[in-house]
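Subject: Structure handover

Hello,

The structure you asked about is below. My notes on its rings and pockets follow.

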Amino acid sequence: MSTIISMETTAKAETRHRGKTIAYWTVTLLLAISITLSGIGQLMRLGGNVDLVTGIGFPLYVTHILGTWKLLGVIAIIVPGFPRLKEWAYASIFFLMTGAALSHVFAGDYGDSGFHFILPLFYAALNIASWALRPKSRKMYQEVVKLSVAPS
């Protein structure tokens, strides 16, 4: 008796409702535009980005790191293919946004009406919605291991 082990990726033809596709692209583009503008603002140190970062005790060079990672994350989410990279980008944006909200809370910098806390959490929620609504073509497929026993 011999055992043959093969790995194959399963992909089923997907029928999506038009509404879910529209919801995905609406949320994803809103997220992408927001994070892109935020990243550009940090890279160019526009608006209140300098005060936001230094006001909570971070060094100013952090704006270049955060801005670069935001732009790379948006590219990873928007460009077709690379499902594993997309998973990492979604996770990174989530940690980045929740980390920003918590950093402002721990520093006692809530902004006007909690804006410095609420806005990053709104972006994190958009990120979760985009991830949850993504089509199968943008998901990682699990590999299935098939064991078959050949008669001897």
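Phenylalanine 95 is exposed, as its relative accessible area is 58% (buried means under 20%, exposed over 50%, partly exposed in between, with a 1.4 Å probe and protein chains only). This is a predicted model, in which local features need pLDDT of at least 70 and side-chain atom pairs count only at pLDDT 80 or more, while totals for chains, interfaces and linings use all residues. Residues are numbered from 1 along each chain as its sequence is written, and side-chain values use heavy atoms, with hydrogens and water left out.

Aromatic pairs

Rings of Phe, Tyr and Trp (its six-membered ring) pair if their centres lie within 6.5 Å; planes under 30 degrees apart are stacked, over 60 edge-to-face, and the rest tilted. The count by this rule is three aromatic pairs. One of them joins phenylalanine 94 to phenylalanine 95 edge-to-face, at 5.7 Å centre to centre with 70° between the planes. Phenylalanine 94 is partly exposed because its relative accessibility is 29%.

Phenylalanine 122 and tyrosine 123 have ring centres 6.2 Å apart and planes at 45°, so this pair is tilted. Phenylalanine 122 is partly exposed at 42% relative accessibility, whereas tyrosine 123 is buried at 15%.

Pockets

A pocket here is an open set of points on a 1 Å grid over the protein atoms alone, where a 1.4 Å probe fits and protein lies on both sides within 12 Å along at least five of seven lines; lining residues have an atom within 4 Å of a point. Volume is the space filled by probe spheres set on the points, which are joined across faces, edges and corners. Helices are DSSP runs (H or I, at least four residues), numbered from the N terminus. Ala, Val, Leu, Ile, Met, Phe, Trp, Tyr, Cys and Pro count as nonpolar, Asp, Glu, Lys and Arg as charged, and the others, Gly among them, as polar.

The largest pocket has a volume of about 600 Å³. Its lining has 24 residues, with Ser38, Gln42, Asn49, Leu52 and Lys70 nearest the centre. Two or more lining residues come from each of α1 (18-44), α2 (49-55), α3 (62-78), α4 (83-106) and α5 (115-133). With six residues, α4 gives the most. The lining divides into 14 nonpolar, nine polar and one charged.

The second largest pocket has a volume of about 260 Å³. Trp69, Gly73, Trp88, Ala89 and Ser92 are the closest to its centre among 13 lining residues. The largest share of this lining, seven residues, comes from α3.

Regards
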